[in-house]
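Subject: Structure handover

Hello,

Please find the structure below, with the findings after it.

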Amino acid sequence: MSRRNPLNDRYIMEKDKQGVSRKSVSNAKPKTKAGESTIGVEDTGKKKKSSLFSRESRADRKAAEEEEMKTLGPRAREKKLRSEYNRWDVWRRRCVIISFILMFVALAYPFSVYEQNQTTQTISMVLWALPFIAIAIGIYISYAKQRPIGRTLGMKYGRDAREEEREDVKKKREKQRRDYNMKEQKVYARVEEKEKRQQEREERRKANRAAEEARKEQFKSAGQAKNKK
């Protein structure tokens with residue numbers, strides 16, 4: 001087997017050569033960046049930003065979402081819109097809950113402070129402003145985020161919803177009235193039929209009584225005639 005040259009610099013142990021030698025040849029290779037060529041590349045020392053982390057504008061993101069929505073089917077589109085609507089609804093409810101908590105904190109803060117000065121007054125004003133900010137964020141989410149999605153899904157708000165609700169209430173009341181009138185008519189029909197049957201029974205009883213009395217009179221007259229003979 002061939003042997004390495006013992007006079008190589010890496011095998012010479014001198015004071016000025018200490019720390020220069022390397023145990024592995026791979027460590028002596030020049031370091032290059034992955035995916036880059038060593039020919040015609042200048043190392044500027046600046047790293048290029050990846051396309052994944054590049055910040056897109058709002059218009060580009062909206063256009064990309066619209067293109068993605070066009071590729072989806074009606075059921076998938078409705079499912080995605082409903083999931084987004086529910087997500088914004090969760091955030092709106094969170095804002096309402098946070099506003100109540102912050103309002104309670106703002107109410108309790110003056111009682112927890114012993115001395116009232118400018119700093120405590122400023123803190124109390126900030127604490128009172130926070131719940132209103134949370135309520136404003138909830139209103140913004142409701143009107144700017146949820147309402148367009150709800151209109152796309154066919155949900156109605158405000159005057160349209162109230163009119164639709166009134167129409168539904170009117171229809172329900174009319175249906176209840178019709179059902180009640182039908183029930184009353186059925187009851188009246190049953191009562192009339194029952195009265196008619198009772199009247200027929202009374203007439204039959206009267207006719208039977210008259211026939212019975214006629215028979216009795218006939219038998220009586222026949223008995224009287226026999227006695228005379």
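This is a predicted model: local features need pLDDT of at least 70, side-chain atom pairs count only at pLDDT 80 or more; totals for chains, interfaces and linings use all residues.

Residues are numbered from 1 along each chain as its sequence is written, and side-chain values use heavy atoms, with hydrogens and water left out.

Overall make-up

The protein has 4 helices and 0 strands (DSSP runs numbered from the N terminus: H or I of at least four residues for helices, E of at least two for strands). Of its 229 residues, 10% are buried (under 20% relative accessible area with a 1.4 Å probe, protein chains only; exposed is over 50%, partly exposed in between). Among contacts (heavy atoms within 4.5 Å) with a separation of 6 or more, 54% join residues 24 or more positions apart.

Helix α3

Helix α3 covers residues 118-153, 36 residues in all, and spans 51 Å from first C-alpha to last, close to the expected 52 Å (1.5 Å times one less than the number of residues). A kink of about 40° sits at Q146, shortly before the proline P148 (the angle between axes fitted to the seven residues ending there and the seven starting there). Q146 is also one of the buried residues of α3, which include R147, I149 and G150. The cover over the buried residues of α3 includes α2 (74-112). At the N-terminal end, N117 caps α3, with a side-chain oxygen 3.3 Å from the backbone nitrogen of T119. Just after α3, G154 has a positive phi of about 100°.

Core

The largest nonpolar core has 8 residues: M69, L81, Y85, W88, C95, I141, I149 and L153 (buried Ala, Val, Leu, Ile, Met, Phe, Trp, Tyr and Cys joined through side-chain atoms within 4.5 Å). Helices α2 and α3 each supply at least two residues of this core, and α2 gives the largest share, 4 residues. Beyond its neighbours within four places in sequence, M69 contacts R77, K80 and L81.

S99

S99 lies in α2 and counts as buried because its relative accessibility is 4%. Its side chain reaches the backbone oxygen of V96 at 2.5 Å. Leaving out residues up to four places away in sequence, S99 touches P131, A134 and I135.

Regards

Terms used. A polar contact is a pair of N or O atoms within 3.5 Å; within protein, one must be able to donate a hydrogen and the other to accept it, and residues adjacent in sequence count only if both atoms are side-chain atoms.
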